[in-house]
Amino acid sequence: EKGGYATFMEKEIHDQPHAVADTLLGRTDASGRLVLDELRISEEQLEAVDRITIVACGTAAYAGMVAKYAIEHWTRIPVEVALAHEFRYCDPIVSERTLVVSISQSGETMDTLMAVKHARSLGALTISVCNTHGSTIPRESDAVLYTHAGPEIAVASTKAFLAQITACYVLGLYLAQLRGGSFADDAQSVMKELGEVPAKIETLLGRMDRVKEIARFMADTRAVLFLGRHVGYPIALEGALKLKELAYIHAEGFAAGELKHGPIALIEPGQPVFVIVPSPTAEHGLHGKVVSNIQEIRARGARTLVIAEEGDESVVPFADEVISVPATSQLLAPLLTVVPLQVFALWLSTAKGLDVDQPRNLAKSVTVE
Ligand code: M6R
């Protein structure tokens, strides 16, 4: 059942091309337009939405943070990401024109369920992005958009994360199409580009030997930092979470722009730092700034583990290791850049002789508040 792999997590990491492809399946018509019949909320109601709040916990919340960049860019609807367990207690601003999107692999996370119920009681429209058919959160929501990652057994979420980002992107593009704004025409071309991502993940997975080796040599590392910007920021947070839960290592993710506002004080000789570098061609133009950050931390002795687009030679002089990922557009990059971080956490946990699939103190679905 582990498909020849030693752990469910390793299998699930390798399932990721399918998780993305299957989540995209059947969501466009013959002409390439998005069709989401399963949504069960009228087009009129969706057209009236003036605010989106994403509620989720843990990895699912990081998927939501990634999705915020994309949905706001495509729809110009303000998107807020709330940790589900905080949502109910912060007197949230919700009206019947608010769309509350919950994200949950299990569909049973109590914190997320309570957030959805609270949102409904305040009159919001609720959509559940969920991986488990027949689970509670979709049943308690107005509509559901299933992720098709297949069952995820390992406690650490991997393929569900990629599927959640994919599903949220489909939703964002659908809303853009519906509203007919300037990005409506782009929806089809983004869908096409998304369709090319599974093959790119496959290519990337074929190159992970070096990451495995790096992890093996780092079994006694005590702390790892992760830096990213824009959509790379939630990926830095996700890389740190994977390492905490799997390898019991102190790990922290930062927005690279924060470095000089405090975290750079943590850099001492030998400190490993993963840096997620945006493409040199990314429209936001942040590539140069992140490369400067690598220089800054390298000058203070950090061991720099750099995730960059293939062919990006500019990082080479400042990188102790370069992990190359296939090129894609800036909003789709997280579907690739997170993969080496998952692989790193998997093999570091293995190198420490820990239980990869069942880390201590954690449960696959957290059904208590
Ligand atoms: O089932 P859910 O997606 O609602 O679970 C949410 C979090 O508990 C979950 O993502 C958790 O953070 C994972 N163990 C992360 O790997």
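Student: Which residue in E10 is the bridge partner of Glu 309?
Tutor: Val 325 in E10 is the bridge partner of Glu 309. Strands here are DSSP runs of E, at least two residues, numbered from the N terminus; helices are H or I runs of at least four. The model is predicted: local features need pLDDT of at least 70, side-chain atom pairs count only at 80 or more, and totals for chains, interfaces and linings use all residues. Residues are numbered from 1 along each chain as its sequence is written, and side-chain values use heavy atoms, without hydrogens and water.

Student: How many bridges between E9 and E10?
Tutor: E9 (residues 303-309) pairs with E10 over 5 bridges, in the parallel sense. Pairing takes at least two DSSP bridges between two strands.

Student: And what's the strand order in that sheet?
Tutor: E7-E6-E8-E9-E10, an open sheet of 5 strands with parallel pairing. E7 (250-255) and E10 (321-325) are the edge strands, each pairing on one side only.

Student: Switching to E4. Why is it largely enclosed?
Tutor: In E4 (residues 125-130), 6 of the 6 residues are buried, so the rest of the structure largely encloses it. Buried means under 20% relative accessible area with a 1.4 Å probe, protein chains only.

Student: Which residues point which way?
Tutor: Leu 125, Ile 127 and Val 129 point one way from E4; Thr 126, Ser 128 and Cys 130 point the other. In a regular strand, side chains alternate between the two sheet faces.

Student: What stands opposite Ser 128 in E4?
Tutor: Ser 102 does. E3 (residues 98-104) and E4 pair in parallel over 6 bridges.

Student: And what does Val 129 stand opposite in E5?
Tutor: Leu 145. E5 (residues 143-146) runs parallel to E4, joined by 4 bridges.

Notes: Buried < 20%, exposed > 50% of the residue type's maximum accessible area, 1.4 Å probe, protein only.
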